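Have the structure open and follow along.

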Amino acid sequence: DAIDKGRTLRFKQQYFFVACSVQDIVRRYKVAHSDFSKFTEKVAIQLNDTHPAIAIAELMRILIDEERIGWDRAWAITTKVFGYTNHTLMPEALEKWSVKMFEDLLPRHLMIIYEINRRFLRMVLNKFPDDHDRLGRMSLIEEGAEKQVRMAYLSVVGSHSTNGVAALHSDLIKKHLFHDFHDVWPER
């Protein structure tokens with residue numbers, strides 16, 4: 001129970017920091033701009049590992065729910081704004097957050113993540129129609145006894161670029177850690 005309380009506290013803290021940052025970025029942008037047509041020219045957000053990955057869902061929530069921007073445009077803005085740097089090569093060390101915790105604390109964000117995943121997996125299936133195993137490997141939601149959101153996968157899918165901390169690290173994530181994603185987006 002102490003472990004669950006610790007995870008919940010870290011989840012809440014991470015969301016708090018991310019929400020404050022993303023909301024402040026949007027607020028500052030709106031001071032000088034009446035619409036979001038220049039947002040991707042004025043804003044860049046770097047995800048330094050998976051800890052702040054919830055920022056992708058938070059920006060989508062703000063754009064869709066508060067700014068009334070349609071999904072496709074909001075997603076185009078989001079993916080142009082975010083970049084992701086991976087710091088760990090071990091798959092077991094990549095951050096995953098419980099779907100149950102999302103349901104309890106951030107249900108709207110979970111809805112957004114499920115929609116991102118649905119659209120992403122549809123695109124993967126269109127690109128690799130005979131490779132159904134790939135869908136399970138690439139899904140943002142890890143199935144199992146406890147469903148979990150794969151925050152590194154959310155970071156890759158929601159960003160215009162993914163890199164490691166050095167050239168060798170970037171090569172290793174392309175060849176091993178995010179090989180399936182590199183097959184989909186070699187330019188990223």
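How do the residues of the lining of the largest pocket divide into nonpolar, polar and charged?

## The largest pocket

Three lining residues are nonpolar, six are polar and eight are charged. Here Ala, Val, Leu, Ile, Met, Phe, Trp, Tyr, Cys and Pro count as nonpolar, Asp, Glu, Lys and Arg as charged, and the others, Gly among them, as polar. In total, 17 residues line the largest pocket, and R7, R10, K96, W97 and M101 lie nearest its centre. Two or more lining residues come from each of α1 (2–32), β3 (96–98) and α5 (99–105), with α1 giving the largest share, seven residues.

The space in this pocket is about 400 Å³. A pocket, on a 1 Å grid over the protein atoms alone, is an open set of points where a 1.4 Å probe fits, with protein on both sides within 12 Å along at least five of seven lines; lining residues have an atom within 4 Å of a point. Grid points are joined across faces, edges and corners, and the volume is the space filled by probe spheres set on them.

## How to read the model

This is a predicted model, in which local features need pLDDT of at least 70, side-chain atom pairs count only at pLDDT 80 or more, and totals for chains, interfaces and linings use all residues. Residues are numbered from 1 along each chain as its sequence is written, and side-chain values use heavy atoms, leaving out hydrogens and water. Helices (H or I, at least four residues) and strands (E, at least two) are DSSP runs, numbered from the N terminus.

Beyond four places in sequence, I54 is in contact (heavy atoms within 4.5 Å) with residues including W97, F102 and H109.

H109 sits in helix α6 (residues 107–127). Is H109 buried or exposed? With a relative accessible area of 3%, H109 is buried, since buried means under 20% relative accessible area, exposed over 50% and partly exposed in between (1.4 Å probe, protein chains only). Its contacts beyond four places in sequence are Y15, I54, A57, E58, R61 and F102.

V99, in helix α5, is also buried, at 5% relative accessibility. Outside four places in sequence, V99 touches L110, Y114, I141, K147, Q148 and V149.
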